[in-house]
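Please look over the sequence and the model before reading on. The notes that follow are grouped by topic, so that each can be checked against the picture.

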Amino acid sequence: MADVFASRGRLCVGIDPHSFLLEEWGLADSAAGVREFGLRVVEATVQGGAGIVKPQVAFFERFGSAGYAALEEVIQTARAAGILVIADCKRGDVGTSVEAYGQSWMAEGSPLESDAMTISAFQGVGSIRKPMELARERGKGLFVLAATSNPEGRAIQRARVEESGRRVSRQIVDEIAAWNLAEPGPFGGVGLVVGATLNLADFDLSYDEAPEPALPILAPGFGAQGARLADTREIYGPLAPGVIVSASRSVLAAGPGNITGAIVSMTQEIAVEYDRA
Ligand SMILES: O=C(O)c1cc(=O)[nH]c(=O)n1[C@@H]1O[C@H](COP(=O)(O)O)[C@@H](O)[C@H]1O
């Protein structure tokens, strides 16, 4: 991750081809439209000097197999251009089924092969062990939902686990942190999704000191959901060094003519936030 931040920066550009955005971009709400949208966002990411994209699979899935073909092309084009791809598929299942999901998004040569995927462990962290093993074997990243940015997640994610007494979010983070202990290097291989809209203390995720190895944190909620880039370090505290700032609508709404500029200015804002004493 340290090399990821050095070479690709912290901004993750979400590729979320909502119908309203396709219309604003003058594109059809179709598989051809999401393909064109995705490719243009990848191009703008390269031109804007950012290094990470996160295609939201749902918006492609709306068009069935044609949408998947479009997604494959977007992922492959981004990776060929040296951009890291986090497939936002939020998969989660058990046993051999979740293992197959892991293979779909992380196995070498899979048509959807990405650099990382989002995954749900609300069936128990043990349920995603196979993808965790695959990620480790293949040098891929996994981002496990821990404390999501949406307000509806709050009640369940703050609930306490009977056996440990810990909040669900904290339990997931602790289990992932324990898994990462076996890995060399300053950052763990498995990361977490922790929304920027939250007060982390509510989820028992405010730390006095950063866990070691550091946790990669995929941080959605900036822009359209209300969180401000200038608050990143305050929101995440000791977790801030691992944060990947993820934004979709707030970047994409700039439109095809201005998206590169939006990426450049967000990258600068993030740099200012991380450079200040
Ligand atoms: O895993 C995610 O990326 C994610 C987790 C979460 O807790 N909240 C969240 O909004 N997301 C995703 O992040 C993106 C947020 O989009 P914007 O609100 O438009 O920036 C969407 O693709 C969401 O699916």
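How many nonpolar, polar and charged residues does the shell around the ligand have? In this predicted model, the shell is made up, by class, of 5 nonpolar residues, 12 polar residues and 4 charged residues.

**Around the ligand**

- There are 21 residues around the ligand, and those that come nearest are Thr-148, Ser-149, Pro-220, Ser-248 and Arg-249.
- At least two residues of this shell are supplied by each of three elements, namely strand 3 (84-91), strand 8 (243-247) and helix 11 (249-252).

**Two helices that meet**

- Two packed helices are described by the angle between their axes together with the distance between those axes.
- For helix 3 (residues 31-48) and helix 12 (residues 259-275), the axes come within 8 Å and cross at roughly 45°.
- Because angles from 65 to 115 degrees count as roughly perpendicular and those under 35 degrees as roughly parallel, helix 3 and helix 12 are oblique to each other.
- The crossing that helix 3 makes with helix 12 is right-handed.
- On the side of helix 3, the residues Val-41, Ala-44, Thr-45, Gln-47 and Gly-48 take part, and in helix 12 they meet Ile-259, Thr-260, Ile-263, Val-264 and Thr-267.
- Sorted by class, this contact of helix 3 with helix 12 has 5 nonpolar residues and 5 polar residues, but no charged residues.

**The annotated span**

- An unreviewed UniProt entry lists residues 10-263 as "domain: Orotidine 5'-phosphate decarboxylase".
- In the model, residues 10-263 are 39% helix and 16% strand, and the end C-alpha atoms of this span lie 11 Å apart.

Technical notes:
Residues numbered from 1 in each chain as written. Predicted model: local features only at pLDDT ≥ 70, side-chain atom pairs only at ≥ 80, totals over all residues. Near = placed C-beta within 6 Å. Helix = DSSP H or I, 4+ residues; strand = E, 2+ residues; numbered from the N terminus. Nonpolar A, V, L, I, M, F, W, Y, C, P; charged D, E, K, R; others polar. Axes fitted to C-alpha atoms, helices over the stretch in contact; angles between N-to-C directions. Parallel < 35°, antiparallel > 145°, perpendicular 65-115°, else oblique. Left-handed = near helix turned anticlockwise from the far one by under 90°. Contact = placed C-beta atoms within 7 Å. UniProt positions renumbered as here; feature names shortened; annotations may be inferred.
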